[in-house]
Structure formats: structure tokens, C-alpha cells
Amino acid sequence: MKEDKNLSDSPQQDENNARRGFLKKLGLVVGAGAAVTAGAVYLGYDHEKKKNPDGKKVRVLTADGQLMEVSEAELIQAENQTADEESELQRRGREGLPGKHWVMVIDLSKCRNARMCMAACQGAHHLRPEQHHINVLRMQDAEHTEPYFMPKPCFHCDNPPCTKVCPVDATFKRQDGIVLIDNQRCIGCRFCIAACPYSARVFNWIEPLKSEEDKDLPYDVELNVPQRKGTISKCLFSADCLRKGELPYCVRACPNGVYYFGDLNEDTVTNGTTRETVRFSELIRKNGGYTVLEELGTKPQVYYLPPKNRLFPYQYEGKTTIDPDDSRVGGGRG
Ligand code: SF4
Ligand code: SF4
């Protein structure tokens, strides 16, 4: 190992032990230039090169604070070892369901802020009340127009910017289009939060809600439970439900028929409330469906139907505008 005043000056034996330790601790490193919040740092390592290493040495700061040089081959070996150590649950979760391409449609004309979707999602994923995989936003296009409510999950972009910035491949897109997070690899750098244009990701700043209760559960990458402090979480399109042939938690919980979910390859989506299955392309074409910020090229896989012809118009006392402080606005369960 090269002499460097920043490098560890431990004896050779310690260095060898640390190198072996490093191979086991690969999940605790972040890329060059990262805002380091946990573990250790790669310095000057281009992750794109890992398929074609050029034999250079890279400097790595291990989780226990030692700075050392390793070859790119060692780095790749360590990454492969980490992959080999994945549980069956994780491996299956990474692969996804063959032949599927999941898509969601949210009908804004039907949402009346019941928030049953949020409750079902938070319950399933053991989230704190202030943490949202799906959030219902109150929108108002102009002062004189009626407000409407907009549920907002992760859009499971076909071209997701979030996965491209992750220095440890902890967040990835599966073959069925779902973007997941492996919180056993995530080192909490929050690059993905910065990259997501839709603010779809949440960070576990404090100990998760059920950390004590969940501590012996095997990690399920499709459910992201147990949640882990210092890592990212987000909507997973209820990948665990899809594997069982069920609709996502939020879709089933909505009492107002807001959500459709289905397979783009089959061109069908099913309404979670009525259980009616319809042609996805027709639903979008006939109702003016759209995706958010299409111009970014992210190709979101969550479509919205506009809040026209609302089934639940918020009108009272002859007024067409709503006083945002009025407690009647935002109610309307069921
Ligand atoms: S909405 Fe954000 S977090 Fe979800 S896939 Fe797109 S970029 Fe990634
Ligand atoms: S998932 Fe996000 S926070 Fe975690 S390591 Fe990847 S980029 Fe960083």
C-alpha cells in the first residue's frame, strides 16, 4: 500500500485484516464527491467502469475509518461477494415478474381526500405518520377554480434519474418496471433524493416506527421492511402484493374508485374499488390522461386523468372559490 499521511499507518497485519474486512463491508461505501453521511468513501472510482476495469488502484475509506488502496478487481470481487450474500427473498425481489410492465392510473376527478390509500401504505410499510410513500396533495390551478386532490406516489419512471446516481446500486429498476431500493446496500448519501424530480423519496432520519418489533424479520426488498435508520424508502408499487396476484395496498384501500392498476403489456388496468378491468390505452385516450413533467424524458409509469367533471364538487354557499382555512375543505371520507 502506498505511503500517504492520510492513509492508515497501522502495521502490515492490521492492514491485511482491514483489507479483508473491507471486502465484507462493501455495502458501507459511497462515491467520490459524495456528501458523506455514513460509513466510508471511494475516492476516484468510476462505477461505470466496473464492467471493464483497467487495473488501476482506487482509494477507499472503510466504515471503521481506515483509508486504503485496493485494485478495481478487488472492488468487483467484493461487489460480487455482496451479491452472493443476498438472501433468496432479495434475489427474487430484484428480478421482478417476467413479462410484466406495471402501470398505474389515478383519476383526479374522483379523489376526495379520504386518505385511505395513505393509511394502508403506511401500515404495510411500517412508516411513521409523517412519512409518505404516497401523499395526497391539495391542488388549486387558479384562485377562481375549485381545488382538487392529487395522490402522488413514486412514478416508477421507465428512465429513472434516481437509479443512475446511486453509487452503490442500492436503487434499481427491475425488468417489470418497478424501481426498488435495497436498504441493506443503501448508505444514505441521498443522491437519489436530489435526482428525483418528483420528490418521491423519504429518508429515515430517526429510528423507524417498528424497529424493535421488526428486528428479527428477514429483510424483504419488495416491502422495504424492516425499515432502517439512515436509509431511503419510497413507494414500491406494492411489489410484494403483485407477486401474490393482488393489487397494491393503496389501490385496494381507496373507497372512491380513484386508482386503476395493471399491465402495460396486456394493455389492461383494473379499478381497485369496482374491480372493473378496462383497456389502458382507451382509458387514457378518452379521458385525456397525462403524465407529470413529460418533457423531462423520465417516462413516468403513473398516469393521471384530469380533475374535470368532478364527482364531488366542493361548492358551498354559492361560492366558486374556497377559503383554504375552511375546515369543510379536505374532508369527505368515504
Ligand atoms: S418518481 Fe423519482 S424516485 Fe420514482 S422512479 Fe421516478 S425519479 Fe425515481
Ligand atoms: S439509494 Fe439513494 S441514498 Fe441510498 S445509496 Fe443509493 S443514492 Fe444513496
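This is a predicted model: local features need pLDDT of at least 70, side-chain atom pairs count only at pLDDT 80 or more; totals for chains, interfaces and linings use all residues.
Residues are numbered from 1 along each chain as its sequence is written, and chains are lettered from A and ligands numbered from 1 in the order in which they are written.

I then looked up how β5 and β15 are joined, and found four bridges between these strands, which run parallel. For the names I used DSSP runs numbered from the N terminus, with helices (H or I) of at least four residues and strands (E) of at least two; two strands pair if DSSP finds at least two bridges between them.

Next I traced the whole sheet, which is open, has five strands in the order β14-β13-β12-β5-β15, and is mixed in its pairing. β14 (277-279) and β15 (302-305) stand at the edges, and because each has a single partner strand, one side of each is left without a neighbour in the sheet. From one strand to the next the twist averages 25°. Helix α10 (residues 280-287) packs on this sheet and touches β5, β12 (259-263), β13 (268-271), β14 and β15, its direction making about 70° with that of β14. Contact here is between residues whose C-beta atoms, placed from the backbone, lie within 7 Å, and axes are lines fitted to C-alpha atoms, for helices over the stretch in contact, with angles from 0 to 180 degrees between N-to-C directions.

I turned to the ligands, counting a residue as near if its C-beta atom, placed from the backbone, lies within 6 Å. Around ligand 1 I found 14 residues, the closest being Cys154, Cys157, Pro160, Cys162 and Cys196. Ligand 2 also has 14 residues around it, of which Cys166, Cys186, Cys189, Phe191 and Cys192 come nearest.

Last, I checked the backbone. Asn113, in the loop between β5 (102-107) and α4 (116-125), has a positive phi near 65° although it is not glycine. It counts as buried, with 21 C-beta neighbours inside 10 Å, the cut-offs being 20 or more other C-beta atoms within 10 Å for buried, 12 or fewer for exposed, and partly exposed in between, with C-beta atoms placed from the backbone. I also recorded a cis peptide bond between Val225 and Pro226, with omega about 0°.

Definitions and conventions: Two residues are in contact if their C-beta atoms, placed from the backbone, lie within 7 Å.
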